[in-house]
Amino acid sequence: METNGEAARTLALVALLVGSVAPGAARASGWRGFGGDAQHTAASAVAAQPTEAVRWSTPVDLQPNYSGTSLLIHYGTPLVTRRNTVVIPVKTGATDGFQVEAHRADTGALVWTQTTDYTLPAHGWVPSLGITLTRRERLLIPGAGGTIYRRVLPDRAGALTTQRAFYGIQHYQANPTAFDNTVRISTPITADLHEVAYFGFVASDGAPLGLQSGIARITAGRGSAWTAAATAAGDNSIKKVAYNCAPALSKDETRLYVAVNDAPESGLGSGYLLALDSHTLAPLNRVRLKDVANPDKDALLPDDGTASPTVGPDGDVYFGVIENPPGANHLRGWLLHFDATLSEVKTPGAFGWDDTASIVPTSAVPSYTGSAPYLLMTKYNNYAEGGGDGVNKFAILDPNASMIDPISGATVMAEVLTVTAPTPDDDARDAQHPDAVKEWCINTGVVDPQTRSAVINNEDGFLYRWDFTTNTLAARVQLSAGLFEAYTPTLVGPDGTAFAISNGILFAVGQR
């Protein structure tokens with residue numbers, strides 16, 4: 001880790017790099033965080049390359065901790081810089097331990113490795129290490145004690161790294177052990193256009209400075225702050241931000257959206273979706289998250305998931321929950337839908353858990369004739385183990401139109417397109433489930449408006465391109481032999497390379 005004395009050399013290198021950027025490369029868009037941006041829209045700014053071959057691969061887990069033949073671990077999303085460097089959070093130990101690696105996107109060659117002293121909170125399924133890139137391409141990495149490491153020039157080895165704390169780095173430096181033992185970041189980091197970072201954290205009893213589990217805001221200078229989850233919700237029963245729930249920002253970045261629950265660490269609870277003032281973390285509004293089919297019951301917010309808010313181009317907010325009781329909707333949950341202020345409940349989606357909806361421009365779906373300004377893409381599994389038929393699908397939905405869901409009987413968003421997974425699930429097929437297929441294994445799927453398609457992965461071990469024009473799985477590439485695993489993201493880098501994770505390995509997919 002370099003010292004501040006190297007700042008002058010770093011600035012000189014920045015100037016050199018800026019001067020040497022090719023005209024097109026400077027404008028190319030990278031993948032900055034969970035869902036690609038602070039609204040989690042998961043839309044690629046460039047056309048994905050043809051889905052023809054694995055170009056390279058690298059582990060994101062050096063010691064996978066299998067449960068039988070299952071891998072119940074959430075991996076943090078890879079990032080891609082504008083200069084086409086892939087930055088990857090890597091789990092190094094069986095139950096804890098992380099480092100961050102940078103690889104060239106074209107060859108996979110290792111550029112640098114940086115360890116982090118971050119440790120996980122108490123958990124069931126292993127949570128993710130949620131790194132992010134700011135607009136100026138400063139890499140933010142969770143560290144011990146609720147701190148963040150800030151690395152400049154993520155495309156180069158030997159870059160300057162500094163450490164920050166939302167409660168004041170001077171407090172951390174005075175007693176690091178006390179903070180390390182009691183305070184841990186528990187969500188991916190989300191950054192705004194001015195390098196302000198937001199994340200959830202858990203604080204054990206006796207944490208220094210009276211810290212309580214909640215939401216943090218950390219800036220490049222003054223203005224860092226935090227608020228307890230119970231205070232933000234106005235409900236003392238609330239314990240924390242739901243694990244792995246990446247905060248989302250409104251397009252104008254004045255509102256911060258985050259979900260909180262009343263479960264103890266690594267539990268199953270209920271709670272609220274909050275809208276906070278992004279500058280002060282003061283509460284603006286809250287909405288109690290309810291089951292769609294049983295509105296007298298609270299929906300459920302488990303910590304063994306990654307569902308995060310998505311903010312649409314019109315400001316509407318979407319968030320996935322589990323139904324109550326579990327299994328009443330075949331474990332599909334619900335995609336709850338609200339206006340920007342969270343004061344109006346709108347038509348929900350039939351599937352919400354564990355998924356973060358992606359935004360689809362209507363121009364990317366030629367067959368669409370409705371009036372919605374945009375559409376949504378979501379997983380649409382119908383789990384055999386949850387009472388469904390095992391016919392697992394992906395769907396494009398119209399947030400402004402409705403239909404009666406044939407499974408629950410609830411009024412839900414209208415289907416525009418659906419595509420069924422292609423591989424028979426021999427473990428689930430029986431007399432009650434003759435058509436069961438492998439489930440879609442994804443928590444945020446990349447939409448490619450330029451080619452009118454999406455790149456999505458499946459538990460059969462293949463990565464597929466879903467063509468919206470023909471409504472077919474037009475191409476596929478095998479990543480692994482397939483297995484039951486926690487859901488993973490897909491993304492596209494500035495040169496059109498697609499990235500997906502299967503069996504603890506990141507695969508770069510593109511042209512032969």
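Q: In this predicted model, is Ser-44 buried or exposed?
A: Residues are numbered from 1 along each chain as its sequence is written, and side-chain values use heavy atoms, with hydrogens and water left out. Buried means under 20% relative accessible area, exposed over 50%, and partly exposed in between, with a 1.4 Å probe and protein chains only. Because Ser-44 has a relative accessible area of 5%, it counts as buried.

Q: Which backbone oxygen does the side chain of Ser-44 reach?
A: Ser-44 lies in the loop between helix H1 (7–20) and strand S1 (53–59), where helices (H or I, at least four residues) and strands (E, at least two) are DSSP runs numbered from the N terminus. From this loop, the side chain of Ser-44 reaches, at 2.6 Å, the backbone oxygen of Val-46.

Q: Which residues does Ser-44 touch, not counting those up to four places away in sequence?
A: Touching here is a contact, meaning heavy atoms within 4.5 Å. With residues up to four places away in sequence left out, Ser-44 touches Trp-31, Val-446, Val-447, Asp-448, Pro-449, Gln-450 and Val-492.

Q: What angle lies between the planes of Phe-394 and Trp-440?
A: Rings of Phe, Tyr and Trp (its six-membered ring) pair if their centres lie within 6.5 Å, and planes under 30 degrees apart count as stacked, over 60 as edge-to-face and the rest as tilted. The count comes to 14 aromatic pairs, among them Phe-98 and Tyr-118, a tilted pair with 5.8 Å centre to centre and 55° between the planes. Phe-394 and Trp-440 form an edge-to-face pair, with centres 5.6 Å apart and an angle between the planes of 90°.

Q: Over which ring does the charged end of Arg-476 sit?
A: A charge sits over a ring if NZ of Lys or CZ of Arg is within 6 Å of the ring centre and within 35 degrees of the ring normal. Lys-240 lies over the face of Tyr-243, at 5.5 Å from the ring centre. The charged end of Arg-476 sits 4.0 Å from the centre of the ring of Phe-462.

Methods
This is a predicted model: local features need pLDDT of at least 70, side-chain atom pairs count only at pLDDT 80 or more; totals for chains, interfaces and linings use all residues. A polar contact is a pair of N or O atoms within 3.5 Å; within protein, one must be able to donate a hydrogen and the other to accept it, and residues adjacent in sequence count only if both atoms are side-chain atoms.
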